[in-house]
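Please look at the chains below before reading on. The paragraphs after them go through the parts in order.

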Amino acid sequence: MREVAILGVGMTRFGELWEMSLRNMFAEAALAAIDDAGVDHIDSMYVGSMSSGLFVHQEHIAAMLADYLGVAGIPSTRVESACASGGLAVRHALFEVASGASDIVLAGGVEKMTDGADATDALASAADQEYEAFHGITFPGLYAFIANAHMEKYGTTREQLADVAVKNHDHGSMNPRAQFPFKLTRETVMNSTMVAEPLRLLDCSPVTDGAAAVIVASMDVAQKMDRPIVKVIASGAATGAIAMHSRKDPTTIPAVGLAAERAFKQADLTPEKIDVAEVHDCFTIAELVVTEEMGFVELGKSGEAVSAGETRLGGRIPINTSGGLKSKGHPVGASGTAQIIEVVEQLRGDIGERQVEGARIGLTQNMGGSGASCVVHILEGVS
Amino acid sequence: MTGIVGYGAYVPRYRIKVEEIAAQWGKDPDTIKNGLLVQEKTVPGMDEDTITISVQAAKYAVQRARIDPQEIGAVYIGSESHPYAVKPSGTVLIDALDIGPDVHVADYEFACKAGTEAMYVAYSLVKAGEMKYAMGIGADTSQGAPGDALEFTASAGGSAFIMGSEKVVVEIEATYSYTTDTADFWRRELRMYPKHGGRFTGEPAYFRHVLGAGRGIMERAGLEAGDFAYAVFHMPNGKFPMKAGRTLGFEKEQIEPGWVVPLMGNTYSGSSPTGFVATLDIAKPGDRILLVSFGSGAGSDAFVFRVTEEIEAVRDLAPSFKSLLEENRIYLNYGEYAKFRGKILMND
């Protein structure tokens, strides 16, 4: 298969975007990405959205958005994998271009969560409906199970969880597109309202509106464009048990390890070679677990690592320089694409205050639900 | 100049604390109290309703106005809990106060803004020279659905204002309204409890309209926050009016006297009018007071008031609002509260 690049990126800011609808947001992100890429057409598009149906009662959004973007006629596909929809949409765009079927493909994600839907209920549909959601579990509850298990097995502390939020807010305070661009202290996190013990309000990513999009192009097209190029050198994906009770060890999320392993193998790289990473911190505990799953730290050591500053900007492996889902926001279907945008901008070297100096290889990890699906991408800065 | 010649406020004696409601639903009372800045709310007795509350407030207003009620040419009650869907609250009041039959009566509604609407129309009729006195009232006994966030704040109370042009106690220097079609909170016919848009009730609804009306009236009147002694805003909880006031440039000291929600709760159409009456307990001649209401749907009515010397003569002709709010309180448990508020399914 031929080499593929990310040629253009665009996103809305993330937040409670009262004035914007699902279609407005996607159009804004898509047009910005097309503009950034400098292309004059797209061959096809992929749209990631977890649940436009439950949130705004609109399905068929792949077609709807192609129409609304003014490109009705091109093939358009909706990709759904709960919170991994945005990353998975990009993966499929990569295949379409790598295979030679298309040269320029738009891939992005969008979620409009604040239009009056019961967000907790809609989000719970990413769990096992029959065996989990039906019985009253919600996402904070599921991740609380993981947190309690991790704290019991490894001695991970409440303070270490809080340090993930503090770090991500430090980063997010430098991100003008973030929903919560302000710093937090450990005390503020630990004194925030209890949601599902031990997870408090400030351990949880928020309810957010937003859209993000990228232009995926073949390297030949990209090289002709006189634009910065970032190559995608690996895409690894995997699934895992959907229900918590089906997992052997609740302190692990096997789909993440598997997806990362496949990506590292494809790129012929190891975790030490990664200069910057965006990971799926839907809850503070999630960041700790996936950091271990991908091999950035030893099992059980992620809490110590974050408290020691290893994963902050300037540390050994900067994670979530965008602010992560926690500070930047988590418009479910868009998050995975936004992670890729952060890494692209890091590798282009023009991200400003939160630049990781000399970043050349970046990784994104996007997962759905409590980890039943995961997609990992590795990117390399070329120009 | 036209203005208020008599005023009165009334809240029932019964109260329920946030702790009591929180315990019922397994919620943490401190989180609620810190989030809403409300400690307790008023509860209407079993034989009280919007009409009885309006009547008592109106009686105090007549006492302070020192007029013959027969001279009142119009009576308007604004509420979102009129006891009848079809049958005016105002006609019961005129009978109770011996007003009319030479009187115009209409009931008003616009969520929590209905009281200031009634005030505005009453004022406008007198200003136009149509009649000598007109009364505008805002009163409510609104309900919050069991277990809903609104249950902690929806309370009962109201205030009445008689407008006239002689011996004016509080002049009305300016009025301004800001209204748009914004569906943040509503209740369909035949439903007991309202529905609301969650966080949509904040920025796009309350703040857009309160700030729009506040800025609008201050601009048109050529005034700044420093020109006012007090500022009163609609109080759905303790935080919103404080934030709105600070945003408009007011200091805490200007907002606090009218900020009665921590002990009163949200009396809906009675909210900002009653906060305004609370400031009249202590206002001095010459004091300027800003009032900005808010009603979901949505809109805000704003008034610039100026207290005259007459306040000293009339203030003590009826109980102070502070005494009604803080004295002789009777605390209920949740069961008593549910009974009083008709939340228990009886075998009728």
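Predicted model: local features only at pLDDT ≥ 70, side-chain atom pairs only at ≥ 80, totals over all residues.

Residues are numbered from 1 along each chain as its sequence is written, and chains are lettered from A and ligands numbered from 1 in the order in which they are written.

Chain A is assigned domain 1 (4–118 + 207–224) and domain 2 (136–194 + 233–381); such bounds come from an automatic or database domain assignment. The C-alpha centres of these two domains of chain A are 22 Å apart. Their contact involves 34 residues of domain 1 of chain A and 32 residues of domain 2 of chain A, where contact means C-beta atoms, placed from the backbone, within 7 Å.

Between the chains, 6 residues of chain B and 5 residues of chain A take part in the contact.

In chain B, an open sheet of 3 strands runs in the order β3-β2-β14 with mixed pairing. Strands are DSSP runs of E, at least two residues, and helices are runs of H or I, at least four residues, numbered from the N terminus; two strands pair if DSSP finds at least two bridges between them. The edge strands, each pairing on one side only, are β3 (40–43) and β14 (330–331) of chain B. Strand β2 (residues 14–17) of chain B pairs with β14(B) in the parallel sense over 2 bridges, and R15(B) is opposite Y331(B) in β14(B).

Methods. Contact = placed C-beta atoms within 7 Å.
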